[in-house]
Every structure is written in C-alpha cells, then in structure tokens.
Amino acid sequence: MKFLQNIIHSIKPHFEKGGRFEKLYPAFEALETFLFVPGETTAHGVHVRDAMDLKRTMMTVIIALVPTMLFGMWNVGYQHYLAYGMEATLMENFMFGFWKVLPIIVVSYAAGLGVEFIFSVLRGHPVSEGYLVTGLLIPLTLPVNCPLWMVALAAVFCTLLGKEIFGGTGMNFMNPALLARAFLFFAFPAYMSGDIWTDLSPEAGHAIVDGFSGATNLVTFDVNFHNLPSASDMFWGFEQGSIGETSAAACLIGALILIITGVGSWQIIVSCVLGVLGMGLVLQGLAPADMPNHAMHTPAYYHLLMGGFAFGAVYMATDPVSAAQTERGKWIYGLLIGAFTVILRVFNPAYPEAVMLSILLMNVFAPLIDHMVVEQHIKKRLKRA
Amino acid sequence: MSVESTSAPAVQEKKKEALFSKKNIRTLRDPLDDNNPITVQVLGICSALAVTVQVKPALIMAVGVIFVTAFSNLITSLLRNSIPNRVRIIVQLIIVATLVTIVDQVLKAYMFDVSKKLSVFVGLIITNCIVMGRLEAFALAQKPWPSFLDGVGNGVGYGIILVVVAIFRELFGAGTLMGYHVIPQWAYDHGYVNNGLMVLPPAALFVIGVYIWAQRSWNKKLVNVS
C-alpha cells in the first residue's frame, strides 16, 4: 500500500494545474480515489458527511451481485455439459463458465469505462463510479453466446445515450444496464432470442443429446405451462437463460445484502413481488376453463421464479437514480412493475423479457409518480389546515 | 394612386438590395444550422421519422419539400397584399396543396417505386409544419425574393437532416447506401450483423437527438435556446 501511495504522490504534480498532463487530471483523480480515500475536504457550505459515499454504495451493490455472478458462471458450464450429456464436477462446470463469462465482463467494463474516461477528460469533471455497477450488470443480463463486439456496442450506447447525454451518473432517468440490454434486444433480435441460451461449442467425441431444446421457460410457458421445469429447479436456477438471471436463490442473497446495508429499497423489492403475485392471481381467476394449457393458468408464484424477474426486481428496479423517490411512490412503482411484467409475459409472446420492458417503462414514469405523490400530500395538508 | 405611389418606387430604387445581399444570404443560410427547422425549431419530425430508412427516398422527399417551401413562399409573398387576413390559412392551403399535388403527380409519373415508398408522406407535406410555419412567419410579410430564399433555405435545412439521418439508418440498418452495398462481405463473414434497431422509427429519434446534441456543442449560439 505504501508503495502505491508513493507512486501516486510522485506522479501527482504532473496532473495538477500547470503540469504536463493537466488535461488528464480527471482520469488520474479517478485512479487515486479508487485506491485511496481522498485527502481533501469541501471548502464551503455545510455537507452531510457519511462514510457511505457513492463509491461505497456501488461496491456494496457489486458485492451483492457476486452470488448471482458465481452461480451464473457455474450454470453456464452446467448447461453446456448437460446439453452434451456429459458428467462434470462442480469445479469443471464453474471453470468452463468462468472462461466464457470473463471476456464479456472485461469487454463491458473496457468499453463503458473508456467512454466515461473520454467524457470526464473532455468535460473536466471527475470520473464517477456509476459505471462500476452498470458494467457488471450488463454481462449478467446477456446470453452467454452474445458476440463480444455487441457487448461493447451496447456498453458504449448505454453510457453515451443513457447517461452522458443527460449529464452523467445521477442524471440518467433510465437504468443504463437495462437500456443496454433493450438496445441489443431490438438491434440484434437473432442474437437475443431463440436457441442461444446455452453455449454449444463442440465437445470432441460428444453429440448434443436428443431432446435438447434451446427454449427458455418464458418461451415454453406461452405454449403450454405444464412443460415448465419444477418450481424448485427454477428457484435454484438449473435452467437456461441469461448469465445471471436464472437463480432466484442467488438473487435472494443479493437482496438480503442490499436490504441489510440499506443500499436497495426493500419497499421496491417487496412491492414488485406483490405486484406479480397480485396480477398472477387475477389472471388465474380470469383464465378460460376450456383451455387448460393457456398461459393464464400459470400459478402466480411461478412468475416470481421464471425468467429474469428476481434479478430485475432486486438489482434493476432498486436503482436509486431511476426509481421513484417518495415512500408511497416506491410502492406504486414496484406494484406496477410487477403487474406489467405478468401482463406482458402472458399476453405478448413476442417480448418474453417483460421484466426489462416494464422496469424501463416505470423508470420513465417514476418522476410523474413522485410528482403526483407530492402534490397529493400538499393538497391533503392544505385541507387539514 | 397619386403622388405617394409614384414616389415610393423611387425611394425603393435607392435602397434596392443586391440579389445576394448580406441580409438575403443570412435568410438563406440561417435555416441550415442556426435556425434549423428540425433540430432547433423541432418541426416536421413525423416525416423525418418515416421516410429516412433509406437515403434515396429521403433525398427525393427533401427535393419535394424544397420545391414546395420555395414556391409556396414565393406565391404567397406575391399575393400577400391581396389575401384577406381572415381567410389566409385557406388560401395558403390551396397554394401548398396545388404544389404538393404537382410533386405527387411528377413522382408517380417518373419514379413510381419511390412514390410508393414515400406513400402518404408526400401528400402529408401539405400539413408539414415547416411549410405553413414559413408562410405564416415569413412570406406573408416579406417581398417575393427573400421569401423564395427563405423557402429554399428551410427546405434545404430540412433536407440536410433527412439525408444525414437516412445515411446513418441505411448504413447501419441495411449495410447499403443508395441501394449499393457499402459494408463489405468479409465484415459479415467475421460476425458483423446489421443493426435491426436502425430500421425501426425510434432510431431516427436517436440520430436526430445525437445530432442536436452535437450541434449544440459546436454552435455556441444555440447554448441557451431551449
């Protein structure tokens, strides 16, 4: 540590005003504050000081993402060996997935941080930490077969049009990671749906097993929901899907970390779950009796376990920037996300990733919800006065 | 028709401007950048979304709009003193509709394919906010020649954006420009894929949005225009 500190101190003069690399100061500052706690204090005005600054918040989310990431890596290997009918140990599964997922993560960080650095140098503001989380969220929402240049393109797109154009971290009205995924979903539909969820790179001496189907649960259940895997399989995540989204259990661990540390809002997570259960039950009640296989008959709790709902509700919907801010607003926001998710899944087979679209939609509406909540509160207080 | 009217031309004679005086040049040039109908005034967005999937229809649409804005401005300006104020919108509509019908018939006669692609949007030039906006804001109060220049300027300003957007959308959405393959086959062989989003109308909004962003970054005059 001392050694690093010495280096930083010795090169610092070059980056300060009048130094040789004055223009690159933001990049240097980002590196310095990433390694060490900054040594300066604000000169004027009163500030709330808290150890829980933006960097710590982001790191907490990263830690909460670790379970889903590890499980996702293991599942990539598991699905691969399953498709070829091979036995593999836990470590083999994990290592296979690790080498498949690592490049995606690296590319996502490199592309997104590259854009951030360029902009911070151009605009002379410090590099913000917002991309730390986005950069890890993007790979976890993608299928493992996604070409790397698409990952890079999506990362650049979401940093540029989702964030920098509005003024950088904290100004984005939509979740950048979801924006990246939505961009890929509409730009390259052939690579984001269909039989792409399992890595089928050839294994010498083995053929793909008979009866292998590349369809995810969200496609299966629109045809006949009885074909879905068992609820426990879906809960633990032994199923095909995007890298990080399959396991509701891993997301649950992440949710606990977020809630205990106070980084994620429990109101949003709970209300999303309630929204799904409520709308699921309503649809079950309305389901036509003469079509016993219709998607409307799906038990409500299945919607919690299928697809990316758990991942979206825990990591995406709770994004403090793009979610609703008021207490009551958070409940409305979450309930509507849940309800829209179920409606889209059941009635629109063309867009199986309903969680993504409903969270983005509610991101757009969040300011309006907040506005109405505040207005209503003012009205109520005025009446009482 | 007495002393006044005879003396008036004499006064004008003294002040008569050159055809391309500084003021007239500004009339012509302003709508290209500083006062662009699409990116600054945000008019005519709907057709900019609809006809910019490929460059060729966009070019032809641009030419059509230039023709209509230029000549409707000219005709309205010529008639400006005899148009009763209360029915001016109807008179303008008749002028614009006549010109649009001419454009539509010419397209149908000589470029039937393109005319089918542009479909209803040629007819909708009538309701294009840019055309009516220029008639109301400029041609009704200005002499014919500046009006004509203003019409040409606004038409070209609209056309530039249309073509820029179309270039991006066709290049990335289909890999072609004016129907010719621009992106080489080896790129596809190495895993390049056309971007399906660029074919959808929202892509035009993205491109226009980025254009506005870039324009406001380089053009200092636009910094405080909301």
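Two residues count as in contact here if their C-beta atoms, placed from the backbone, lie within 7 Å. With that in hand, here's a quick tour of this predicted model.

**H3 and H11 of chain A**

- Helix H3 of chain A covers residues 54-83, helix H11 of chain A covers residues 248-261, and the two pack at an angle of about 170° with their axes 8 Å apart.
- Angles over 145 degrees count as roughly antiparallel, so H3(A) is roughly antiparallel to H11(A).
- On the H3(A) side, the residues that meet H11(A) are Thr60(A), Val61(A), Ile63(A), Ala64(A), Leu65(A), Pro67(A), Thr68(A) and Phe71(A).
- Facing them from H11(A) are Ala250(A), Cys251(A), Ile253(A), Gly254(A), Ile257(A), Leu258(A) and Thr261(A).
- Sort the residues of this H3(A)–H11(A) contact by type and you get 11 nonpolar, 4 polar and no charged.

**A closer look at H3 of chain A**

- H3(A) runs for 30 residues and reaches 42 Å from its first C-alpha to its last, close to the 44 Å expected at 1.5 Å a residue.
- There's a kink of about 35° in H3(A) at Val66(A), shortly before the proline Pro67(A).
- Pro67(A) also turns up among the H3(A) residues that meet H11(A).
- After H3(A) comes Gly85(A), and its phi is positive, near 65°.

**H7 of chain A, a buried helix**

- With 12 residues, H7(A) reaches 16 Å from its first C-alpha to its last, close to the 16 Å expected at 1.5 Å a residue.
- Is H7(A) largely enclosed by the rest of the structure or largely open? It's largely enclosed, because 11 of its 12 residues are buried.
- The buried residues in H7(A) are Pro176(A), Ala177(A), Leu178(A), Leu179(A), Ala180(A), Arg181(A), Ala182(A), Phe183(A), Leu184(A), Phe185(A) and Ala187(A).
- What covers them includes these helices of chain A: H5 (130-140), H6 (148-162), H8 (189-192), H14 (309-316) and H16 (354-384).

**Where chain A touches chain B**

- The contact between the chains involves 8 residues of chain A and 8 residues of chain B.
- Which helix gives the most to the side of chain A that touches chain B? That's helix H7 of chain A (residues 176-187), with 3 residues.
- By type, the residues on that side of chain A divide into 8 nonpolar, no polar and no charged.

**Chain B as a whole**

- Chain B has 11 helices and 2 strands.
- Following the sequence, the elements of chain B come in the pattern α-α-α-α-α-α-α-α-α-β-β-α-α.
- The C-alpha trace of chain B spans about 80 × 45 × 30 Å along its principal axes.
- Chain B has 226 residues, and 35% of them count as buried.
- Take the contacts in chain B between residues at least 6 apart in sequence: 77% of those join residues at least 24 apart.

- Val42(B) sits in the loop between helix H2 (22-29) and helix H3 (45-50) of chain B. Its phi is near 50°, a positive value in a residue other than glycine. Val42(B) counts as exposed because it has 12 C-beta neighbours inside 10 Å.
- Gly19(A) is in the loop between helix H1 (2-15) and helix H2 (25-35) of chain A. It has 15 other C-beta atoms within 10 Å, so Gly19(A) is partly exposed. Leaving out residues up to four places away in sequence, Gly19(A) touches Pro13(A) and His14(A).
- Val121(A) belongs to helix H4 of chain A (residues 90-123). Val121(A) is partly exposed, with 15 other C-beta atoms within 10 Å. Not counting residues up to four places away in sequence, Val121(A) touches Lys23(A), Leu24(A), Pro26(A) and Ala27(A).
- Asn227(A) is in the loop between helix H9 (217-223) and helix H10 (231-236) of chain A. Asn227(A) counts as exposed, with 12 C-beta neighbours inside 10 Å. Asn293(A) is 66 residues away from Asn227(A) along the chain, and their C-alpha atoms are separated by 9.5 Å.

Methods: Residues numbered from 1 in each chain as written. Chains lettered and ligands numbered in written order. Predicted model: local features only at pLDDT ≥ 70, side-chain atom pairs only at ≥ 80, totals over all residues. Axes fitted to C-alpha atoms, helices over the stretch in contact; angles between N-to-C directions. Helix = DSSP H or I, 4+ residues; strand = E, 2+ residues; numbered from the N terminus. Parallel < 35°, antiparallel > 145°, perpendicular 65-115°, else oblique. Nonpolar A, V, L, I, M, F, W, Y, C, P; charged D, E, K, R; others polar. Expected span 1.5 Å × (residues − 1). Bend = angle between axes of the 7 residues up to and from the residue. Buried ≥ 20, exposed ≤ 12 C-beta atoms within 10 Å, placed from the backbone.
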